[in-house]
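I opened my notebook to record what I looked up in this model, entry by entry.

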Amino acid sequence: MQFQQLQYFVAVAEARHFTRAAELVHVAQPSLSQQIKALERELGADLFLRARGNITLTDAGEALLPLARRILADADTARHEVQELVQLRRGRVRLGATPSLCTGLLPDVLRAFHDRYPGIRLLIEEGGSHDLVRELARGALDLALVVLPLPTPAPALTTVELLREDLVVVSSPEAPVPGRDGRPVEIGDLERERLVMFRHGYDLRELTVAACRSAGFEPDFAVEGGEMDAVLGFVRAGLGVAVVPRMVAARTGRGLRVTPLARPGLHRTIALAHRSDVAPPRAARELQRMLLER
């Protein structure tokens, strides 16, 4: 049974005339008649009683008609749904990002994307780069913003560098200025500070701890285990200082003192990643373009 045969059958059933039905579906009448006969052979039953000037449905034709109409309607719905997806009127994007990027980079880009494509649902998953790479690999995410280098080799992923971001030191305005004489903070200066530290799995935690150890000391944690909002709140309360991305400090740093790190400072490289073996959906590719062009 072919889709086209059902179209021709419904046209004849509604027109009650083979020639007029052929005109409605823009096909030659002999071709339409041949397809109807092929459908009848496939079903093993006559669908029409053919009398000169009088075409009526048989019992088999009466039974088939509502089913054929439903199949054709479902096909139209499917075509419409796919066209809407292609034209970015509907769909979803599953985006993973580290919590600091959700705070600093994403809000403006996601607002612009939503304004342009309001029918696209945005599903955001926060996590460290290690977790996001795993979710990408198993197909749970379309795109992910990760910190390079990746925690483990990921040959099945394609990564495109997005930005290189400076890290800064944030502290309470009521606490002593970190460092010396208001100058940029040296990594070694952090040995005299108590740090508010992110939970395990945070890229910022690993980067900061590694920098302190490279400078020859083990950092002293005043409190650890927080997410970004909690860390900033603890710093505002005067519990200690924290090393955070400059974008985060600029966006959510009200009530905080922001001090740059002395050269060469600390930086992190943000990349956009997706699976190499599967092309991201159209909506995800559009979000990818907006992120790269931001």
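I looked up Thr98 and found that it is buried, with a relative accessible area of 3%, where buried means under 20% relative accessible area, exposed over 50%, and partly exposed in between, for a 1.4 Å probe and protein chains only. I noted that this is a predicted model, in which local features need pLDDT of at least 70 and side-chain atom pairs count only at pLDDT 80 or more, while totals for chains, interfaces and linings use all residues. I also noted that residues are numbered from 1 along each chain as its sequence is written, and that side-chain values use heavy atoms, with hydrogens and water left out.

I placed Thr98 in the loop between strand 3 and helix 5; helices (H or I, at least four residues) and strands (E, at least two) are DSSP runs, numbered from the N terminus. Leaving aside neighbours within four places in sequence, I listed what Thr98 is in contact with (heavy atoms within 4.5 Å), and the list is Gly127, Ser129, Leu132, Leu145, Val147, Asp203 and Arg268.

Next I turned to empty space. Rolling a probe the size of a water molecule over the atoms shows where empty space is left. On a 1 Å grid over the protein atoms alone, a cavity is a set of points where a 1.4 Å probe fits but cannot get out, and a pocket is an open set with protein on both sides within 12 Å along at least five of seven lines; lining residues have an atom within 4 Å of a point. Grid points are joined across faces, edges and corners, and a volume is the space filled by probe spheres set on the points.

I found 1 cavity of 30 Å³ or more, and the largest cavity holds about 30 Å³ of space. Its lining consists of Thr98, Pro99, Ser100, Gly128, Tyr202, Asp203, Leu204 and Arg268, and helix 5 (99–104) and helix 8 are the elements that give two or more residues to it.

The largest pocket has a volume of about 200 Å³. Of the 15 residues that line this pocket, I wrote down Val147, Pro149, Asp203, Glu206 and Leu207 as the closest to its centre. Two or more lining residues come from each of helix 7 (129–137), strand 5 (143–148), helix 8 (203–214) and strand 11 (267–275).

I then checked Glu135, which lies in helix 7 and counts as buried at 9% relative accessibility. Apart from neighbours within four places in sequence, Glu135 is in contact with Glu125, Ala140 and Leu141.

Rings of Phe, Tyr and Trp (its six-membered ring) pair if their centres lie within 6.5 Å, and planes under 30 degrees apart count as stacked, over 60 as edge-to-face and the rest as tilted. How are the rings of Phe9 and Phe48 arranged? Their centres are 5.5 Å apart and their planes are at 50 degrees, so the pair is tilted. This pair links distant parts of the chain, with Phe9 in helix 1 (residues 3–15) and Phe48 in strand 1 (residues 48–51), 39 residues apart.
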